[in-house]
Structures are given as structure tokens and as C-alpha cells.
Amino acid sequence: MLRRLNYIKSVQQPMARVLHIKSPLQNSTPVEHIVSSAKVKTDIGIDRDIPYIIYGQNYRYKEGHVYQGFRCERVESIPDYGLMSCTLRHLGTGTEFWYLDRNHIENSFSIHFRTTPFNSTGLPHILEHLTLAGSKKYPVRDPFFKMRNRSVATFMNAMTGPDYTIYPVSSMNEVDFRNLQMIYMDAVFRPNLLYLDFLQEGWRLEHKDVHDRNSDIVFKGVVYNEMMGAYADNNILLKQKMLNNILPSHAYGHMGAGNALEMPKLTHEDLVNYHRQYYHPSNARIFCYGSFDLEKTLEFVDKEYLSHYDRMDSSFSCIPSEKRWSEPRRVCIQGRPDTMGPSIDRQNQIAIGLLLCDITDIQENFELKILAELLIRGPNSPFYKSMVEPNFSGGYIRWTGHVPNRKDTYFTVGLQHVSEDDLELFEELFDNTLHKASIEGFDSQHIESVLCNYELTLKQQSECRHLLYKSIVLWNHDGDVVSNLRISELFSKLRNKLKDNPNYFKQKIEKYYINNPHKLIITMRPNECQEIERQLSESKLLLKKLKETSDEEFEQIYENGLKLEAFQKAPQDIEVLPCLSINDVQKPFPRPKMNELTLRSVPTLISHEPLAGITYLNCMFNTTGLSLNDSMLLPLFCSVVSEMGTSNHDYRQFDNLVRSKMARIVFTPKVVESVTDGKSYHLGLLMKTYAVDKNVDLMFRLCEELLLNFRLDDTDRLKMLIKNYISKFSLNVRSNGHLYAMMGSSALVTNAGRLKSLLTGVDHVDYMKKYVKENSIEAIRDSLKSIGSKVFSRNNLRVAINTSEKTVSSILGNYERFLTHLPTQHQMINTKEIFLQEPSFRHYNLDMPLNFCSKTIFAVPYVHEDHAALRVLAKILTAKYLLPVVREQNGAYGAGAKIGFDGLFNFFSYRDPHSAKTIEVFDKTYEWLQTGNCKIDQQAVFEAKLAVLQLVDWPIAPGEINSDSFVLGATYDIYFNYRARVLAVTVNEVLNVIEKYFKNESKHFGKCVIGRKSVEIEVDDESDETSEMSN
Ligand SMILES: [Zn+2]
């Protein structure tokens, strides 16, 4: 399954299960991820115990010893991440068990199998869905979804990659951690794999109306729809085709996650047989992380599961190396036109891929990754100079770079939004650029900046999930995962090589880039008939299937439809699933260690938790007083201001300086509704960056240089940045459509929601396209300049710094000097009033086979006494109403309800084949609540509370500690009280909010559909978006 992870860290958070998002693995193909009711991080302080390492003899596990049926084979320290690594092997089955021992509150467990696909039916992917559809010990349909309400997991997921399937869970609560372990182990080793679940999750033929045997027969199925939706995203399709064609001869030649048109070749029997062979312990790898007792886990895994199996030779699942080509190949494919993109003649995409080396060659791959960064990233890189700066495209394709997670790794570079005439130019530039780079090599400052920046990124990504993602594919191919995490060693080896041989990278370019015939050129042209052709192929396939169908089988189709419906609606005994008790969740997070102070009249929040040597800086500039026109340009301003250099350093020099000392300086616009009264909002500009402690002084100096001396004079560069900005923006909508739909419907409810949509929603693309057309580049430049001079002042600033206790005093001097140099201006107004709007409906036309729907109603602000009960209700609606009806019965890939900090209550669906039906489902919520289908009793409320607590107590990355307090105004006290209120919500309170907010249609609601127009839905005319905004 495909999901996103490029999520927008602080604004939008993952939502409950299985919406498909971009893989967390860099440049990987579809993988599954959980997304459901949008989680909002809260202001919590986690026990951030200092990492520990116990070296050598004193470590508790020893090589050669046997622990609960596992022999300990390797014990090593990984100093870069403060970890001990312990590799064990099961005596009976040979299953490898990798334990990362760290004194950390969040513990993780995962099991994964090498699931090599041998066709494009999506077998491993459908199997992943079925595995989580009930097992011997837990014969409950979809324990995965059910457990979301009985656990406080911080992560619970299943993902299918091109050659593996992984089931990871994380929790900070040991009881919960063990519960989830039990469910996942039973799910993978003893799943029921029922035929009816296969029909529901995989594919089936069914009457459009299951009760009417005369109605049309159509294809249905969760994965069927999921993949149809996924490959309607040009980006995903092109990336998939690159993989299929550059590594064509084995597993990667297939669309492993499933091509909808191939799926109907798959039978239930194939799936059961595949499970028997591939989900065997000898073909599995188990990972464990954290501080909970390892031996308990080992004992459980051995006794309950592995000891019941014999060892098997698992070499059948290995993937061989690709045979190298003797000459380049070329592939042309077609994509969908992008209604939000540039004119159709400029919608071509082109990419070149070059096969590199085996994934298990860790040092080589590491160096090739650095080389790829040198070649493509930032304004000093040769490809950026030759391909992006001449401004004939919409910039790089998102997955440009080193692709490390296949058996053979490869490099790709691609451009989006290219005109037909320039496709050839791209190829010429590709060759010329490499040729030039192989002669000239790289400037030493550029090399240094890339090395430093990458090192900082790796060190900062020290959380368990990053470590697992970084390791899983390498491990799958029997690579040395421990050496791969000893990053300082990798860096120092490379630095030594560079010192000894100044031509080191030049030689690598010769070998892997210039003299490499294993090269694939792939072009994607828009085809305006793509959707019609898809429908035609589907109809042909359907016809073929129906022709082969006997009368008996027709009867079977009808019967199965009824059986499945009854099966979906049958009550289930979910009490067989473990559930936490109220005692397990009584404890809130402790108050984070922080000081509030005012320095040079700037309110400052300093958090000092142990942070492994990195200091994070967050500056919020109040921009509420900007005019509407200026506000509308704020996102563009954020995108370009750190990319154009300063009056002291041009943009190339400035980029080198920043990358060699600190993380990029990132600016984001923020519209924030008041959490206390819901009557006002403010607009801000958040600047974020971080650096290792020793570079904090430089970090402040470079931020100061940018804020005081930013330069936007180079209009050619500005033009290029604007074009890439619009291209990038328009392409995001397809993968995160539900978020954009919710923004679209919120925009119809309040003026703050409208502003958000105008700044970060679909409306923004339209606005910017129009704005750029109507204004000269000089006028745009001047407007952007004036924003900077109005905004960057000390009077409009609030700051949050996250650092370690021991560094606080040493950085204060640097910080104060930074503040002293900032200019002062008159203070802007702090807030604006929120206005409510008349109910309406908005449709955004997007050429996709499946839609995204949402409905938003105005509810109550975060601190209102009803908010917690509404949030509990949202969880009940998601689990008991929306998922069963919109997902299981109507075939949408995801659905849910949520209420956020903004006080708006949202319903949404994701990759949905039936928008009109879904909107009706949203509208009939109260009716459904009255039918008695839903028992709102103590247990239902308690489970929903757990689901809410998962979000409220979400572990926070070091850079985000106190971020809710700082950005949203949701302080620790607010979190603390809110959490207590969630725990105290009663059945009666839930019933009350149902009556209060759902009995009568809210006076202020909005509905939104993103997708193709449907005759079934009446939509308001599109209006001039900005005209209704008040200043
Ligand atoms: Zn899936």
C-alpha cells in the first residue's frame, strides 16, 4: 500500500489506518502506512532519558550465549545513536532477531518477510491486508482497526514494499506493547485468510446493487481501488515504471503492489499457498527496540510461534542481481493530464536512471549517495545549474537522487512539467553535465557542505522508526545493518579517501555515470484520454470475465455479494482482543523542563531536555497585520527568501555556508485559531532550523544575516523559483487529497479556514497562477521585499529554543546578540476576528478515477468542555460508522472523522469511488446514531478514549518539544486538563454532544469533493476566492 510520510511535520499529522501515503523509505515504491483521523500533536514532555551504552564485558547479553531459544551472535555498540546492537538467531528456525537496546520510553517491535512478487496481481499486498483480517487466537475481522481503539500504540502499521512486507508496532506502555506483539505474531503466523475477506480486501465481481441481481456487475475490492487510485498519481506511476524498467528481469519487473487490471488473475488459493511458503519463520526477520525486557519477548516469540516450525531453506525468496546491460534503453509511457498544472503541452516528465551497485556494499553506496547529493542538491550542484536554473521545466521530479533500497541501487534525475521540444535538451544536458563534472570535479567547499549537511541529517534522525527504515531493505538482502548505522566510520573512511585522492569523485563519475551502459531514459506524456482508456480496459476485462462465467457462477456472484454484506454487518465479539484498562493510561507526561523569559522584549521559551547535542531554533513572526495581498504572498515569500542569498553572500555562497554549519532555514506560514475562545485567529511566519551545539553561534549569525540582509533582486532566479514552487504545489494534491478536501470544506465554514485554504490549499494554486500572470516579476519582487521589511522585526517576534540543559547558558549570549541586531518596528495587531459563513459546497476538478470527500461543521474551540467529548465521538464514528460503511461496504480506501485544535469537526474519505453516497453517509450521521446500530456504552466510549489518548500522548521529536505550546498556544496546562477531560468523558456526555451538534444540521457547514465531476452532486459555482475575505 502506499502512504505518505513526506507529511508536513507539525501541521498535518497521520490519520487512522490505512490511507496510502508516500513511503518513509527514501525513493521507495508503494508501501502501506496508517493514516486516519488527523492526529494533532500535543504539548507533552517525554521522559527523555539520556541514551546509554554499556561497552564490552559488562553488557548484559553475551555473544555465544543462548537466551530463550535464541543464540546471541553479535553484540556491538553504535555510538552515533547511543545504542547497543544485539543480533540473535533462533536455534530451530534460523530466524534472525535484531535488538537495538536503548534507554528510551518508546519501544518498537516488527516482523518482516521477504515477499518477492512474481507477477503484478498484487499478491503480497493483498496478503498483507488479509493477514490483518483475523487470526486463530483473534478471530475478529480487522483486529488492526479494532486495536486502534484498545491500545495506546504510537505506531501500528503494515507496509508492502517491492520485495518485503513489514508489520511494525510501537508503544510507550509495556502492557500495550506486549498486547500488540501477541496480535501481530498471531496475525502473521496464523491468519484465517478467509475467502470473504479475500473478496472484500482483494478483488471481486459484484452487482452494483448487491440486492438486485439485474443490476450491472462490476469489479470491487479495497486493494483493487487502492491501486487504481495510487497509479492515477503520475508521480507514483512514473517512479514505479522506472523501477520496473531499470530492474526488469526479476521481482522488480512487476508492479508488486498490484496493477488493478492484473489483479483479477489472482485466486484465493494462490494467496493461501504463498502465505504458507513466504510467511515462514525461516523467511522472517524480527526487530525489537527500546528498554522493555528483551527476554520476555524472546520467550514469547519462541514458545508461542517459532518452536512450532522446522527450519526451511529460504533462498527461494532471494532476489538475484540484475544483469548489466550493454546499451541504454528507452521507455515511453502516458500519464494523466493535470488540471492544476501548466498548459498540457508543458506537462511531460522525463527521467534518466543509472544502475549503481549492490545494496550490501555499504561504504560504496554511502559514497554514491554523497556523490548524488553533490550532483543534484542545491544551487552549487552541476545538475541544478544546468537543468533547473535555465528554467525550462517545473524543477526536479520529487524522487530525484540516489535510490538505495533495492537489491541493486540506482541514481535518477528527472524533470517535471517539460515541453515536448525540451525533452531532447534534457538528455543533452544530462550527458554534458556529467562530462563537465568528471573533468572539473567539485569545489571543496561544496563537498564539505554536502558532507556536513548529510551528517547532521543522519544524526538528527535518531528515532527508532528512522533507524528501522534505514535498515529494513538492506537487512532483507542480508546486508550488514550495524555497519550501516555506524555513520561516523562511513564518513571518516570517505574523508580519508578524499584526502588521499583528489580525483576520487571524478573517477566515480567516470565509472558509474559516464561509462555505464545500464541507463534508462523514461518519458511520460499526458494523455487526455487516459481515464477513458482505463475504463475501456476495465470494461474489456470485465466482459472477458463475464463471458467465461457459467450460470452457476453468476448465481455465485449474487450469493457472494449477499454473504459478504451479511458478513460485514454481522456483530463481532471483539472482547477476544486484549484491551488496556483505565489504570494503564492514568499517567500524563511530565511537564517538560522549560523556562520562559523575555529577552530584549522578545518572549522566549527555552526547553532543556537531553537532546543528543543538537539545538533547535524556532522563531515565530507575527504577520496578522499584513494586508490581504501581502498575506496571500506569504507562502511564496517563505519558499524563496532563504534561496536567494544575502547582500553579503550570493545564493550559492550562502547555501554552502548554511549547509556546512546547520540545517536549512525553513519558513512556513501559519494560520492559528485561538484554542481558548474560537473567536479569533492569528497569522504567523515560522522560521525553523537546527545545528549541532558547537555551531549554535554560527546558526544565529547566519539567521541574522538572512533576516537583516535577505536579497530578492535576481529576477531571473525569482522567476525560476516561482515556477518550481507552483509545479511542486499542484502535484501534492493527488497524494494528500483528503487533507486538501478538508481544507476546502473548512474554507466554507470560517474566514480563518478560508485563509488557510488560500495559503496552503487547492485555492492557493489557482490564486498564484493568476497572480503570476497578472503581475510583472519586478512588481512581485517588490511586494515580496516589502513583506520581509514589514515582518522581520523584534517587536513581532516570539522564540522557542530546544537545547540540552548544559548548553543553555552558553547559547544565551549568542541568542541575545542575535536579538539585539534585529530591527524594531511598530507592533502589528495580534489577532483577527473569526467570522462564520453560509453553508456551501465546493468541487475541485481533478482528473482522478477516485475522489476525496469531506464535510466540515463548526463545533467548539479546543478548551471548550465539549471538545473532548466530540473528539471521543469522532473516534466512535470512525470505527463504527465511517470505516464499516464508507470503506468496507462502499469501497473507499479510507474514511474518518476528527476534530482539531481549530474547533472544526471534519468527516473525510480517501480514494473514494462513490462521492455522492459518501456525502450522504456524512449527512446521515445523526440518523445512524439513532438507529441502534451503534451501542454507545461504557466500553465503546472507553475504547474511543484510548484512541484519542494515542494522539494526545504522541511522542514528540526533540525539535518539536513544546511546539504545540509555542505555535498553537496549547500549553502544558491545557494539555494536562484536556487529557483529564478526555479520561473523564462519560456515555451521557457523548450522547449530549450528539444531540447538541448533530440533531439539527449545523448552521455553518461546508462540503468539498476533489476529483472528477459527478452528475449526482450539485455544487456551488466557483466564486472569486479572495473577494469575500476581510482584511
Ligand atoms: Zn494497501
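Predicted model: local features only at pLDDT ≥ 70, side-chain atom pairs only at ≥ 80, totals over all residues.
**Where domain 1 meets domain 3**

Let's start at the interface of domain 1 and domain 3, where four residue pairs are in polar contact, both partners being at pLDDT 80 or more. Helix 2 (143-147), helix 4, helix 5 (222-230), helix 17 (530-547) and helix 18 (551-569) each bring at least two residues to the side of domain 1 that touches domain 3. Helix 5 gives the most to that side, with six residues.

The protein chain is divided into domain 1 (65-319 + 531-569), domain 2 (337-463 + 470-526) and domain 3 (839-1011). Taken over C-alpha atoms, the centres of domain 1 and domain 3 are 28 Å apart. In all, 28 residues of domain 1 are in contact with 24 residues of domain 3.

How much area do domain 1 and domain 3 bury between them? The value is about 2,400 Å², with 55% of it on carbon and sulfur atoms. On the domain 1 side, F145, N149 and N225 lose the most area to domain 3, and together they account for 23% of what that side buries. The same interface also holds two salt bridges.

Now for the salt bridges of the model, which come to 62 by the rule used here. One of them joins E201 and R887, whose closest N and O atoms are 3.8 Å apart. This pair links distant parts of the chain, since E201 sits in helix 4 (residues 195-201) and R887 in helix 28 (residues 867-889), 686 residues apart. Are these two residues buried or exposed? E201 is buried because its relative accessible area is 3%, and R887 is buried too, at 0%.

Another pair, R324 and D408, brings its closest N and O atoms to 2.9 Å. It also links distant parts of the chain: R324 lies in the loop between helix 8 (294-305) and strand 12 (329-335), D408 in strand 15 (residues 408-418), and 84 residues separate them.

R74 counts as partly exposed because its relative accessibility is 30%. Finally, salt bridges can join into a network, and R336, E531, R534, E538, D847 and R1012 are linked in this way.

Key
Residues numbered from 1 in each chain as written. Heavy atoms only, no water. Salt bridge = Lys/Arg side-chain N within 4 Å of Asp/Glu carboxyl O. Buried < 20%, exposed > 50% of the residue type's maximum accessible area, 1.4 Å probe, protein only. Helix = DSSP H or I, 4+ residues; strand = E, 2+ residues; numbered from the N terminus. Domains from an automatic or database assignment. Contact = heavy atoms within 4.5 Å. Buried area = accessible area lost by both parts, 1.4 Å probe. Polar contact = N/O pair within 3.5 Å; in protein donor to acceptor, adjacent residues only side chain to side chain.
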